[in-house]
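I opened a new model today. These are my notes on what I looked up.

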Amino acid sequence: MRWLLEQQFKAPSKPVEAFGLTFKNPVGIAAGYDKDGTAIRGLSALGFGHVEIGTVTPKPQAGNPSPRIFRLLEDDAVINRMGFPSRGSEFVQMELNPALRMSLAERILGFDPRIRGFSRLSDAMLGINLGKNKDTPNEEAVLDYLALLQNFAPYADYLTINVSSPNTVGLRELQGRAALESLLKHLHEQRVLEEKRHEKRVPILVKLSPDMTSTELDDAIEAILNAQMDGIIVTNTTLGRDGLKSDLKGESGGLSGSPLTVKSEAVLYQTLKRVNGAVPIVSAGGIMNPEDAKRRLEMGAALVQIYTGLIYRGPGLVREILRHI
């Protein structure tokens with residue numbers, strides 16, 4: 001079935017270099033779709049150049065109570081307040097390396113060739129989006145992120161630090177300059193150790209909110225650059241509700257889709273200007289069609305990520321974008 005999908009959604013190869021990696025094309029799926037790493041092969045078959053799974057938390061957690069996701073049809077938008085539902089770090093590690101699920105007898109007897117070690121699940125680059133548990137206080141958040149970094153350094157092509165979801169109380173406070181710089185410097189120090197241990201590069205990206213003021217965004221970017229991070233993803237979902245028509249506009253949570261397009265582009269412009277080529281930028285938020293993706297890439301984004309556009313346009317959107325850019 002995957003082979004048939006690959007043939008149906010085959011798209012032209014458009015390699016891109018970013019973070020020291022070669023992506024087969026610049027189009028990826030944003031975190032939040034495959035939270036536990038169970039659909040990497042299937043998503044890759046749709047033509048994505050990278051698949052970002054997660055957000056993964058150290059311990060399993062249920063997330064917020066249902067209903068927690070709403071489709072605003074009149075606005076080509078979605079509101080979600082998922083709250084990092086995750087089966088936890090251990091589960092995702094087993095999804096990424098099936099050898100970990102084998103019994104001791106199978107390991108000793110070598111019944112499964114996968115025991116030889118982790119092998120790639122697809123030709124798409126794998127990003128893993130990391131977040132703290134809901135019950136972890138911000139003062140201890142660094143411990144959650146450090147544990148996740150150690151757990152996933154062997155598997156990820158890159159890691160994303162999520163401090164911008166609006167659906168975990170207090171999480172966005174970690175975007176403040178002092179808190180963010182402290183967190184990222186600890187992660188950088190641990191990253192250096194993991195790179196030596198695994199003999200591979202471990203690029204770290206930071207995902208930011210579209211709701212920061214210009215000054216707050218500048219402060220966050222400076223903290224990211226000072227901590228020697230490898231890239232920035234802009235943006236996450238917004239708490240804004242300007243111009244919505246749907247009766248569901250009053251639902252709490254993060255808004256994505258067409259209403260985010262202008263705001264996300266504005267944050268991308270400011271980020272590119274502030275970074276001035278120091279690190280690659282990934283653009284996400286409000287990319288609903290090939291024209292949106294092309295505009296972001298022409299502005300200077302190295303990669304783009306889609307999610308809500310996939311809901312409204314269907315799986316052929318990846319191929320459409322790659323034929324258009």
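I started with D36, which is buried at a relative accessible area of 12%. By my cut-offs, buried is under 20% relative accessible area, exposed is over 50%, and partly exposed is in between (1.4 Å probe, protein chains only). I count a salt bridge when a side-chain nitrogen of Lys or Arg is within 4 Å of a carboxyl oxygen of Asp or Glu. R87 sits in the loop between strand 6 and helix 3 (89-96), and D36 in the loop between strand 3 (27-29) and helix 2, so the pair ties together parts 51 residues apart in sequence. Helices (H or I, at least four residues) and strands (E, at least two) are DSSP runs, numbered from the N terminus.

A note on the source: this is a predicted model, where local features need pLDDT of at least 70 and side-chain atom pairs pLDDT 80 or more, while totals for chains, interfaces and linings use all residues. Residues are numbered from 1 along each chain as its sequence is written, and side-chain values use heavy atoms, without hydrogens and water.

Next I checked confidence. pLDDT is the predictor's confidence in each residue, from 0 to 100. The chain averages 94, and 94% of the residues score at least 70. Over residues 112-118, pLDDT stays under 50. Where pLDDT is low, the predicted coordinates should not be read in detail.

I went back to salt bridges; the structure holds 17. E222 and R177 form one of them, at 3.0 Å from N to O. E222 is in helix 7 (residues 214-226) and R177 in helix 6 (residues 177-198), 45 residues apart. K185 bridges to E181, with the closest N and O atoms 3.4 Å apart. Both lie in helix 6, four residues apart, so about one helical turn separates them. E181 is buried, at 16%. Salt bridges with shared partners join R177, E181, K185, E222 and R274 into one network.

Last, I looked at the largest pocket. I take a pocket as an open set of points on a 1 Å grid over the protein atoms alone, where a 1.4 Å probe fits, with protein on both sides within 12 Å along at least five of seven lines; lining residues have an atom within 4 Å of a point. Its volume, the space filled by probe spheres set on the points, is about 530 Å³. Of its 35 lining residues, A31, N80, N236, T237 and Y307 are closest to the centre. Helix 10 gives the most to this lining, with three residues.

Terms used: Contact = heavy atoms within 4.5 Å.
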